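Hi,

Here is the structure I promised to pass on to you. Have a look at it first, and then read my notes below.

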Amino acid sequence: MNNFEKRKFLDYLEKLLPVTDTNSYTFDTVFDFMVGEFKLNLKQIDQVDEDGNLQVEKTKAKEAFAKQMKKIIRRLKEKYQPRPTKLEKQFLIIKDIFSLTEAEYEIVIYMVFKEINNIFCKYFESLDSNAFSTFAKSYLGLRYGKKDRVLEGMYRKNLIEGRHSEYISGKFLKIFDNPNCDTAEKIISLLVGKKLKSTLKIEDYSHIKDTEKVVNILSQAIKQKRKGVNILLYGGVGTGKTEYAKLLANSAGIPMFGVITEKDNYDEAEREDRLTDLYAKQHLLGKAGNACILFDEGEDVMNNLGRTSSKGYMNNLLEATEVPIIWTTNRIFDVDPAFLRRMTYCVEFEKLTEEARLNIWERVLKKNNLKVSREKVSELNKNYDIPPSLITNAVLTTKMVGGNENDFEGFIENVAKVVSKKKNVKTQKEFEMKEYDENLVNTDIDIKNLTQKIKDCGKLNFSLCLYGEPGTGKSLYARYLAKQIGCEVILKRASDLMSKWVGETEQNIAAAFAEAKAKKAMLIFDEADSFLQNRSNANASWEVSQVNEMLTWMESHEYPFVCTTNLLDTLDEASLRRFTFKLRFDFLTAEQVNTAIEHFFGISTEGKNVNIKGLTAGDFATVKKKTDFLGVNDLGEIVDMLQEEVKVKKSEELRRSIGF
């Protein structure tokens with residue numbers, strides 16, 4: 001024992017004497033220690049002779065010692081006057097950096113000594129009743145609720161294992177395992193963990209336009225010692241938010257430290273554990289000054305306010321943070337608005353452009369030294385619209401098994417299927433102009449004239465509702481129009497947007513419009529009747545909220561927006577009023593049927609006019625596949641096949657017109 005430990009031990013003995021059981025088994029060890037460490041051979045016990053030898057059995061010596069304990073302790077305390085020690089210096093530094101109250105300071109010493117010194121442990125076991133409660137009451141004068149309030153404060157500072165635990169934090173104990181941990185800087189460094197660093201560069205996030213602005217916010221917050229600075233990064237899974245957060249801090253020259261995701265025993269850190277770690281790191285890093293915090297997967301605390309802490313606590317935590325916090329989350333639609341209002345700045349991670357994705361593919365491949373031909377990389381980039389994290393995982397797996405570029409694509413598709421929850425994750429081949437023939441489209445408006453006028457106008461804030469029977473060319477025309485006005489196409493089907501989770505469909509709709517706005521692209525919603533159904537027929541509140549979300553975006557969207565539907569009558573009336581143009585796509589006319597036969601099969605119908613009601617360009621494409629397989633080129637057989645396509649249709653209008 002050093003001088004500080006001996007003085008503290010004697011202090012405990014003196015103040016806790018009334019509750020010390022000197023007859024307990026554990027006190028035997030304490031007595032032996034006293035005899036040896038404090039050299040009780042100076043006639044301090046009647047049964048010790050001039051040479052310090054016990055003249056009677058140990059039990060009687062203990063009895064004599066107990067009777068004279070106050071006198072012996074007083075004499076020993078005079079001998080062991082205060083003298084600075086390294087251990088005491090560590091405790092005093094800890095008291096300062098954690099701003100400990102006197103009660104907290106004494107409890108920390110008690111808990112640490114109990115863990116690192118067997119004599120203290122044995123002595124505390126000799127106290128009557130519960131050791132810690134006895135210590136708190138008899139030594140510190142803390143009764144009932146006051147003790148719990150002190151422990152609550154210590155828990156918030158991450159000093160103890162649990163909310164009302166009597167055990168010091170395992171991570172905190174590491175301070176005393178390291179003899180060189182003797183300055184505030186070293187202690188803080190040990191407690192906050194390693195600095196987070198990014199291996200990426202600003203150029204890797206060229207698609208994020210806010211980088212310079214956010215770096216400046218971080219730099220000025222540190223320079224001005226501004227409290228309550230919170231930055232939110234939100235967007236889809238695997239879009240690089242965590243790495244971007246590290247890059248922001250690195251670019252600003254500010255050390256970044258992360259909030260725990262697991263505890264010291266490798267168990268998963270729960271919401272309360274993470275909030276406690278955040279609170280403690282805010283305090284510690286506030287002392288250091290030049291630092292920021294990363295709270296990754298912020299939905300752990302953003303989306304469950306009130307479960308273990310009040311909104312007031314969370315609001316204060318955000319407003320009073322002494323160092324900037326960067327939060328990341330994949331979902332914000334169910335985040336409490338009070339949380340969002342306290343964000344200093346927000347950065348949305350939208351879907352990457354094709355060019356940005358290509359840069360990432362090439363960078364990841366180069367970094368991991370995986371050889372894939374430039375043509376293959378370009379093909380993969382077009383076929384798989386996936387986040388950067390999946391690309392990296394596939395590269396590492398391919399390297400691990402010594403695979404080639406074909407194996408690489410296999411790993412890409414394997415994981416992408418699971419993440420996207422789709423069987424087919426390959427992007428459909430790019431639309432080609434030759435697939436569209438304006439002579440095979442039958443609409444109630446002169447579509448050639450409309451297309452030309454939209455093109456000549458130069459304005460992009462228009463919307464179209466294309467309705468009619470399946471296969472009449474609605475989606476094909478939308479793509480054709482996009483080509484004509486020089487717009488990229490973003491196509492969304494019901495399966496891309498609809499979710500079983502309440503609120504997530506609305507989030508997906510908003511994300512689709514936001515992506516189209518960012519890319520200045522034409523947004524096409526196929527099967528729009530799925531999320532624009534008449535609200536008067538809704539059975540649940542979420543059905544109404546989905547339509548409302550669509551209507552809100554339709555009202556304010558600045559770029560081409562197209563809806564296709566086979567069921568115009570089911571659409572909400574308010575949505576119909578918001579479309580600039582509504583075009584009905586009908587079955588081919590008799591003249592168009594004959595034109596289509598020549599177009600698809602290269603057979604002239606001159607003198608053999610074919611008149612079949614209910615055909616679409618889609619029907620001709622289907623029959624063309626059949627004839628290619630069967631080797632059929634006879635007009636009669638082709639006409640029979642076309643008539644069969646009409647017979648299987650369930651169109652009420654068609655049934656009425658031809659008497660089915």
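Let's start with the largest cavity, which has a volume of about 30 Å³. A cavity here is a set of points on a 1 Å grid over the protein atoms alone where a 1.4 Å probe fits but cannot get out. The grid points are joined across faces, edges and corners, and a volume is the space filled by probe spheres set on the points.

Before going on: this is a predicted model, where local features need pLDDT of at least 70 and side-chain atom pairs count only at pLDDT 80 or more, while totals for chains, interfaces and linings use all residues. Residues are numbered from 1 along each chain as its sequence is written, and side-chain values use heavy atoms, with hydrogens and water left out.

Back to the cavity. Sorted by class, that is 2 nonpolar, 3 polar and 2 charged residues. Nonpolar covers Ala, Val, Leu, Ile, Met, Phe, Trp, Tyr, Cys and Pro, charged covers Asp, Glu, Lys and Arg, and the others, Gly among them, are polar.

Next, a pocket, meaning an open set of points with protein on both sides within 12 Å along at least five of seven lines. The second largest pocket has a volume of about 570 Å³. It is lined by 25 residues, and Gly 238, Gly 240, Lys 241, Glu 243 and Ser 389 are the closest to its centre. Helix H13 (241-252), strand E4 (325-329), helix H18 (354-367) and helix H20 (388-401) each give two or more residues to this lining, and H18 gives the most, with 4. By class, the lining has 6 nonpolar, 11 polar and 8 charged residues. The helix and strand names come from DSSP runs (H or I, at least four residues, for helices; E, at least two, for strands), numbered from the N terminus.

Now the sheets. Strands pair if DSSP finds at least two bridges between them. Angles run from 0 to 180 degrees between N-to-C directions, and axes are lines fitted to C-alpha atoms, for helices over the stretch in contact. Strand E3 (residues 292-295) is joined to E4 by 3 bridges and runs parallel to it; Leu 294 stands opposite Ile 326 in E4.

Which residue stands opposite Leu 523 in E10? That is Phe 561.

Finally, helix H28 (residues 590-601) and helix H29 (residues 617-630) have axes that come within 10 Å and cross at roughly 35 degrees. Their contact (heavy atoms within 4.5 Å) involves 9 nonpolar, 1 polar and 1 charged residue.

Cheers

Methods: 1 Å grid on protein atoms, 1.4 Å probe; cavity = no way out; pocket = protein on both sides within 12 Å on 5 of 7 lines; lining within 4 Å.
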